[in-house]
Amino acid sequence: PLFERSVRGVQATAEGKALLPRARAIRTQLRQADEDIRQLRGAREGKLSVALSHFAIIALLPRVIGPFRKRWPGVQIAFVPPTFALEGLREGQPDFAVMSMPSRKLGSDYVARPLYATQVALVARPEHPLLKANSLPQLTKAEWVLPSLDSSVTRGLAKSFRSARLPPLSCAMTCQTLTGLETLVRETDLLGAMPLEVYEARKSASGLKRIPLREPIECPRVALLRWADGKPTAAAADMELAFLQAAHALATQNLRGSGTSIAP
C-alpha cells in the first residue's frame, strides 16, 4: 500500500514516501522524452528550469539568453535560485544548475562540469574606516554580512583567514539576496563579500567600494551540475553548451585583459 486513509485524510505510507521522489523523476523524464522527440523533429518549444547563482546571472546569462531565445523562441524558461540540497536535479526541478561547487562531496549520482574560477571582492560603504585596509590581518576585528554560512563566498573567505592563521570570521548576519546584502553593507559598518565579477557589474548601482587587499581570495569553482541519469532535452543541452561557451569566453577575456598569452 502506498496510501492509507485516516481521520486526517489520505496520507502516504512509508513505502509511498520512499517511492515519491522516483515517481516524480519518472514523470519528469517522460515529459522530457516527449519534448526531446518533438524538438528533434524541429519543434522549437518546451520547458526549461535552470538554477543560477548571482554570478551566473550577472556574468554569464547576458551572453547566453539572447542567442538562445533566437534559436528556441517557443521554450518557456524558469530561472530559480540554486539550492545546496541538489536532490531536485533528480526530479528535473531544475534541469541543471550553474553555481559554485557544493561543500559536500558529490557522488556518482551527479555530473559536475567545472566552468570558471572567480575571486572574492570585499566591499564596504564609502568612508568606511577599513576601506584603506590592504591585508587580511587588518580586518580581524571586522563584522561581516555574508550570503550564507555555507556559500562559496563565505567558504573562500574563511579559507583565506585560516591560511593566514587569523581568528575566525565574525559573521553578524547573513542575507541571501544580493540587493539585500548591498543595502546592509551600505547602511552599516558591516563588511560584505561577493564574487569580483558581480561587484564590478554592480558597483555603480550599489555605491559600494572594494577593499584593496594584496591577498587574492578565491571562491570554489563555478560548475554546471545535473543529475547523472537524466538525459537533457535538445533545448537543455543547447543551453548547457551556451553556458560552457560563455564561461570560456569570459575566462579568455580576463586573460587577455591581464596580458597573459593564450594558446590557440
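Contact means heavy atoms within 4.5 Å. Keep that in mind for the chain as a whole. Take contacts with a separation of 6 or more in the protein chain: 76% of them are accounted for by residues 24 or more positions apart.

A word on the source. This is a predicted model, where local features need pLDDT of at least 70, side-chain atom pairs count only at pLDDT 80 or more, and totals for chains, interfaces and linings use all residues. Residues are numbered from 1 along each chain as its sequence is written, and side-chain values use heavy atoms, with hydrogens and water left out.

Now the overview. The protein chain has six helices and twelve strands. Those are DSSP runs, numbered from the N terminus: helices are H or I with at least four residues, strands are E with at least two. The C-alpha trace spans about 65 × 60 × 30 Å along its principal axes. Of the 264 residues, 42% are buried, meaning under 20% relative accessible area with a 1.4 Å probe, protein chains only.

Next, a sheet. Two strands pair if DSSP finds at least two bridges between them. Valine 50 stands opposite phenylalanine 96 in E5.

On to the helices. Axes are lines fitted to C-alpha atoms, for helices over the stretch in contact, and angles run from 0 to 180 degrees between N-to-C directions. Helix H2 (residues 54-71) packs on helix H5 (residues 196-206) at about 65°, axes 9 Å apart. That makes H2 roughly perpendicular to H5, a label for 65 to 115 degrees; under 35 is roughly parallel, over 145 roughly antiparallel, and the rest oblique. Who touches whom? His54, Phe55, Ile58 and Ala59 of H2 meet Glu197, Val198, Ala201 and Arg202 of H5.

H5 has another partner. Helix H4 (residues 178-187) packs on H5 at about 60°, with axes 12 Å apart. So H4 is oblique to H5. Here Leu178, Thr179, Glu182 and Arg186 of H4 meet Val198, Arg202 and Ser206 of H5.

Notes
Buried < 20%, exposed > 50% of the residue type's maximum accessible area, 1.4 Å probe, protein only.
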